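Visitor: I have a model open and want to go through it piece by piece. Can you walk me through what was computed?

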Amino acid sequence: MPESAALAMAARQREIAVSEFFLKNRHLLGFDSPHKAILTTVKEAVDNALDACEEASILPEIRVEVVHKGGDRYVVAVEDNGPGIVEQQIARIFGKLLYGSKFHQLRQSRGQQGMGISAAGMYGQLTTGRPMRITSRVEGNRQATEMLVSIDTARNRPDIHRKRKVSWRRRHGTRVEVEMEGHYAHGPHSVEMYLKQTAIANPHVTLRFVGPAGQTLVFRRSTDVLPPLPSAIKPHPHGVELGQLIQMLHDTPARTLRRFLEDEFSRVGATTARHIIERTRGRLTERSNPRRIAHAQATQLHRAIVRTPVSAPRTDCLVPIGEKRLLEGLGKELDADFFVVLTRPPLVYRGNPFQVEVGIAWGRPGDAALAIDSQGRIRKQKKRKKAKGETERAPKADEPAHVLRFANRVPLLYQQSACAITRAVIQTNWRAYGLKQTAGNLPIAPMIVVAHVASVWVPFTSESKEAVAALPEVSRELVLALQEAGRRLAAHIRRDQRLEREYEKRSYIEQYLPHVGLALQDILDLSDRERDRTVARLDTVLHRRRKP
Ligand SMILES: Nc1ncnc2c1ncn2[C@@H]1O[C@H](COP(=O)(O)OP(=O)(O)OP(=O)(O)O)[C@@H](O)[C@H]1O
Ligand SMILES: [Mg+2]
């Protein structure tokens, strides 16, 4: 009965709301276990707070609270001093998936998809039946708006439970509260570790944390300088795919092909537009109407676009942390003997500009480091301990190196082995730099490797934005950056080993100096003063051989 089966199936066909889809597939958004739920919520809300503050040129002050309500119930609250959200937008931002201000813009931001925070709300709603509570105030408004909002998951629409004006001590900002079932994790996947790593990649941010046991932590900014605001760019012609081109031709307000090319793409001016059109071999003209371009012509146009030389994309859409700030961030949050930082020049994958940065923190806190003082003396230095909550310490000399991964300044805490960053660290031959490493593994060394991929569109392996996909362009660039950092590290280790040997030699000789003095006194018949002066001179000579 194929016909009746087809009819029966037809009766069951219906549209699937994006919220229904992600409710069933919430692992795709990072909500696959109660362990991850709290951290993912903090991460989404902090990402948004930082994006909003930076866009409004406000130095971010962020407060994160995790309150234990008993059993497996928690309330996660994140409050920022950002520009606030206008009242009409609150419900859609928090009560609708795929609604946001960043998806259609090509510039570096932490959020890109338009569903991070609504997904957190949806998870809370699913596990506790409670809506999100949003408080937001825009500068100049006398009061803040407080709204309780949930998602109508069958329709992907917001449900407003309550809306009222409230007085709020902040002049502007937003507070997001989600009640959820969760498990508060400690260690490498803890909120504290996430905040610490956020502080490393964002030294201009002050983060305050109140944990479920009432513990408080403050990560203070080390600079008052905001990173420059990245500019939004248009797509680069060499990154556009045929289907996307057809859609763009359909949607453009431009009336002529030449205008379309100039207006919709970056780096296309009158001359490049003319060159592209000439390459369609008369099939299209400058005055062709973009909306009337048929599929075959669009294919021809796509080929012409790909073959025409166009200048590389602008890169002011990217804001790397920068070597100076990365060093500040590392020095502020990690205790190490030696740091290497480097920022590579920007490159492009599929028309999307991206940039890679790498840092290495070498040595463990508590170990004594050798340093040469201004007189050329080699001394052992005791290091300061930095114990702020959960600490990230370099591994011991016989343990694998730690890897801290960042994408658009956001720490990535999950799916380490699936990430292009970890793979690049494994792929780099660290033996060439004097470290131990077996094939297919992380090097064995007391070091923390930090790598940051910044892009207008980070190629994540999934919507949960937990790991960077190993695209060849990105992986190659990561390996090159790590190799350069490795070479600098090797030079430091060689110098350190040389110092260590010299230190041992001198300490050995120093031990005997008083005896040499006594022997000389005896042989040369010196007075006590002459003997002491000779010993002091020998000591100076011993240390003078090294120039600082
Ligand atoms: N604290 C905030 N202050 C101001 N605006 C905010 C805040 N939080 C969210 N927004 C606005 O709400 C939008 C939706 O946020 P959401 O986290 O759902 O998506 P996104 O950040 O655009 O992308 P992603 O899904 O990758 O996080 C943002 O694009 C931003 O415009
Ligand atoms: Mg977001």
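Overall layout

Guide: The chain has 14 helices and 16 strands, where helices (H or I, at least four residues) and strands (E, at least two) are DSSP runs numbered from the N terminus. This is a predicted model, in which local features need pLDDT of at least 70 and side-chain atom pairs count only at pLDDT 80 or more, while totals for chains, interfaces and linings use all residues. Residues are numbered from 1 along each chain as its sequence is written, chains are lettered from A and ligands numbered from 1 in the order in which they are written, and side-chain values use heavy atoms, with hydrogens and water left out.

Visitor: What box do the C-alpha atoms fill?

Guide: Along the principal axes, roughly 115 × 65 × 60 Å.

Visitor: And how much of the chain is buried?

Guide: Of the 548 residues, 51% are buried. Buried means under 20% relative accessible area, exposed over 50%, and partly exposed in between (1.4 Å probe, protein chains only).

Visitor: On to the ligand. Which residues come nearest to ligand 1?

Guide: Ser101, Lys102, Gln112, Gly116 and Lys465, out of 20 residues around ligand 1. A residue counts as near if one of its heavy atoms lies within 4 Å of the molecule.

Visitor: What is the make-up of that shell by class?

Guide: Six residues are nonpolar, 10 polar and four charged. Ala, Val, Leu, Ile, Met, Phe, Trp, Tyr, Cys and Pro count as nonpolar, Asp, Glu, Lys and Arg as charged, and the others, Gly among them, as polar.

Visitor: Which polar atoms lie by the oxygen and nitrogen atoms of ligand 1?

Guide: A polar side-chain atom of Asn48 is 2.8 Å from a ligand oxygen. On the nitrogen side, an N or O atom in the Asp80 side chain lies 2.8 Å from a nitrogen atom of ligand 1. The backbone contributes too: a polar backbone atom of Met115 is 2.7 Å from an oxygen of ligand 1. A polar contact here is a pair of N or O atoms within 3.5 Å; within protein, one must be able to donate a hydrogen and the other to accept it, and residues adjacent in sequence count only if both atoms are side-chain atoms.

Visitor: Which elements give two or more residues to the shell around ligand 1?

Guide: Those are α3 (34-55) and α5 (116-128).

Visitor: Changing topic. Where is Arg409, and is it buried or exposed?

Guide: Arg409 is in the loop between β14 (402-407) and β15 (410-412). It counts as buried because its relative accessibility is 6%. Its phi is positive, about 70°, although Arg409 is not a glycine. Most residues other than glycine have a negative phi.

Visitor: What about Arg267?

Guide: Arg267 also has a positive phi, near 70°. Its place is the loop between α8 (257-264) and α9 (270-278). Arg267 is partly exposed, because its relative accessible area is 38%.

Visitor: Back to β14. What does Phe406 do there?

Guide: Phe406 lies in strand β14 and is buried, at 1% relative accessibility. Its C-alpha is 9.1 Å from that of Val468, 62 residues apart along the chain.

Visitor: Last one: what does the side chain of Gln437 reach?

Guide: The backbone oxygen of Asn441, at 2.9 Å. Gln437 lies in the loop between α12 (420-427) and β16 (447-455), and counts as buried because its relative accessibility is 10%.
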